[in-house]
Amino acid sequence: MTTPATPGTTRQDAPELLRAPAADVLDTTELGRFVRHVEAARGESFADYRELHRWSITRPEEFWTSVRDFFRVRFAGPEHAVLPDHGMPGARWFPGATLNYARHALHGAGVDDSTPALIAYSQTRDRVELSRAELRDRVGRARAGLRRLGVGRGDRVAAYLPNIPETVVAFLATASLGAVWASCAPEFGARSVVDRFAQIEPAVLLTVPGYRYGDKHVDRRATVAEIRAALPTLRTVVCVPYGSGTVPDTLGWDELLAEPGSADTDPVPFDHPLYVLFSSGTTGRPKAIVHGHGGILLEHLKNHALSWDLTPGDRMVWFTTTAWMMWNALVSGLLVGACPVLLDGNPLYPDLDAQWRIAAETEATLLGASPGYLMACRRAGLNPGRAHDLAALRQIGAAGSPLPPEGYRWVHEQFGDRVLLNVGSGGTDVCSGIVQGGPWQPVRAGEISGPALGVAAAAFDADGREVVGELGELVITVPMPSMPVGFWGDTDGSRYRAAYFDTYPGVWRHGDWARFAETGSCVIAGRSDATLNRGGVRLGTAEFYRVVEEIPEVADSLVVHLEDAAGGNGELLLFVVPASGEGLGAELHERIVRELRGALSPRHVPDAVIAVAAVPRNRTGKKLELPVKRILLGADIADVLGPDTLADPTALDAFLALAAERRNP
């Protein structure tokens with residue numbers, strides 16, 4: 001039975017159940033092993049995932065201690081209470097405890113030394129594979145080399161490197177010393193890199209002279225020169241041989257690794273900085289978000305084993321660049337004994353099927369993909385479930401933007417119940433998922449299965465009341481260990497508090513617009529600062545896209561609402577990329593209007609539907625709704641977007657032209 005549409009909601013049937021948890025889930029998964037551990041150690045019992053999740057957020061000290069014990073995390077130092085104060089911001093976990101993330105990445109899972117630790121595919125050079133023993137040897141050598149350069153606890157090491165084994169080696173060596181890591185992908189231009197690295201004042205920079213992207217060579221030596229000139233704190237630049245040429249006046253990678261060294265690790269406090277991640281820079285200067293050793297270690301152990309079901313010897317494929325938190329998550333596969341598969345270059349080269357072929361060749365157990373990639377495969381008529389031997393595959397992860405119901409159905413059609421589609425949403429801020437799926441949760445078309453273990457996620461209305469069945473601000477009401485240590489340089493914590501805690505004191509506001517169902521599942525409806533608000537009725541942009549982009553003649557879309565300063569309805573503008581590549585005809589226009597009116601409500605019919613050649617997205621694939629809105633309202637592009645934010649530099653051209661027309665009608 002169909003529910004009538006009401007203003008501010010979508011008209012929809014009950015979500016289609018695509019996959020129920022397997023009957024033997026507690027006997028065949030890492031989550032099941034954890035549940036049995038908790039039952040034996042603490043006398044707890046759980047009838048289903050919701051009971052387990054409730055325990056994880058109502059008794060966080062017991063849950064996170066159980067995570068520590070289950071994964072045999074070794075603390076040193078005079079450990080005190082697990083979480084002395086639940087207040088946010090400022091909650092501190094395991095005060096007094098010392099540890100090192102790199103120790104567990106290199107030694108933690110008890111995997112045989114001959115087991116592959118890293119497999120790397122690149123369009124710049126041949127396939128590379130390192131065993132666990134080879135990885136430890138190279139990390140020990142890099143650690144010794146960094147120490148010769150004077151790098152010690154608290155020093156910053158910055159990397160302008162692609163997703164290659166040398167990057168992982170340098171990161172783990174840096175972490176082993178208690179130094180602080182930060183990375184940017186080499187496709188970023190000089191100003192974008194300096195906007196990030198200048199905040200942390202690095203002592204060492206690692207770089208490549210260039211790389212290949214598909215069949216195109218990219219020379220970065222001039223860019224590296226600009227970056228060096230703008231970072232006066234640099235003492236040494238290390239050149240990793242990659243692509244053609246070399247960077248002058250640098251220490252060679254082979255020189256850095258010339259002397260053998262032990263892969264020892266220096267214990268540091270639980271909240272000692274491990275790395276700095278940077279926000280996308282779409283709303284101002286990128287935030288320098290500091291994550292600590294202990295918080296990332298516990299969160300990624302929990303996430304990778306209990307949600308992604310990774311075990312020793314598994315293979316994990318997830319295309320990412322070193323500028324996205326998914327790179328950090330990918331490397332953390334080492335913590336559970338899994339082998340990260342590193343991909344560098346054009347992810348669609350030589351064709352759309354490339355990632356599926358690599359997953360088959362590496363016998364991947366987890367394949368991560370952007371929703372945009374999955375939908376592109378569906379539109380192209382690919383049949384990876386039949387075209388490739390993916391017998392080892394147990395999960396497909398999807399993150400970065402909402403996946404429409406049709407994407408869920410396509411994955412299920414390809415793989416059936418054998419493969420779990422695990423759609424999640426989280427971010428750089430917590431370096432993990434906030435809501436996602438897992439082996440003990442059902443999969444329903446178009447919905448994320450629910451909050452992750454240890455994450456007290458909910459939706460709040462404007463007055464700070466929890467709402468169910470309605471759109472609200474995504475919040476976290478209980479501390480989690482991977483919340484940032486702080487922002488770099490934010491000595492009084494004011495920027496950190498303003499970013500997450502000003503709206504609801506004591507409660508983390510994530511900045512997404514979400515709707516939770518009674519079942520616990522949820523829909524992420526876009527960024528809350530880009531939410532449509534017409535006459536007091538709010539609608540998430542993602543729900544808009546679910547309607548528009550299912551029309552076959554529409555390849556992509558973007559919607560913005562320009563508020564009326566006088567309090568009127570304002571303007572609702574819908575931009576579409578016609579699949580034909582031609583203009584927007586009357587027939588397609590009428591169909592778009594008809595579908596929106598029927599699926600949402602009459603007030604959500606746009607004031608104008610405008611054809612554009614491309615939708616602006618950042619480098620992780622997110623639509624840039626708020627920057628487009630600000631440009632159309634008259635803001636200068638330099639005040640809206642950092643350089644190199646756009647995946648396609650030409651995608652803003654049509655919007656800049658429209659903004660100029662609006663200023664000078």
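**Exercise 1. Which residues in α3 meet which residues in α4?** Then work out how the two helices are oriented.

*Solution.* This is a predicted model, where local features need pLDDT of at least 70, side-chain atom pairs count only at pLDDT 80 or more, and totals for chains, interfaces and linings use all residues. Residues are numbered from 1 along each chain as its sequence is written, and side-chain values use heavy atoms, leaving out hydrogens and water.

Step 1: find the helices, which are DSSP runs of H or I with at least four residues, numbered from the N terminus. Here, α3 spans residues 49-58 and α4 spans residues 60-70.

Step 2: list the contacts (heavy atoms within 4.5 Å). Trp55, Ser56, Ile57 and Thr58 in α3 meet Pro60, Glu62, Phe63 and Ser66 in α4. These residues divide into four nonpolar, three polar and one charged.

Step 3: look at the axes, lines fitted to C-alpha atoms over the stretch in contact, with angles from 0 to 180 degrees between N-to-C directions. They come within 5 Å and cross at roughly 105 degrees. The range 65 to 115 degrees counts as roughly perpendicular, so α3 and α4 are roughly perpendicular to each other.

**Exercise 2. Describe the surroundings of threonine 174.**

Step 1: check burial, meaning under 20% relative accessible area with a 1.4 Å probe, protein chains only. Threonine 174 has 0% relative accessibility, so threonine 174 counts as buried.

Step 2: go through the partners. The side chain of threonine 174 reaches the backbone oxygen of alanine 170 at 2.8 Å. Leaving aside neighbours within four places in sequence, threonine 174 contacts Leu146, Val157, Ala179, Val180 and Trp181.

Definitions and conventions
Parallel < 35°, antiparallel > 145°, perpendicular 65-115°, else oblique. Nonpolar A, V, L, I, M, F, W, Y, C, P; charged D, E, K, R; others polar. Buried < 20%, exposed > 50% of the residue type's maximum accessible area, 1.4 Å probe, protein only. Polar contact = N/O pair within 3.5 Å; in protein donor to acceptor, adjacent residues only side chain to side chain.
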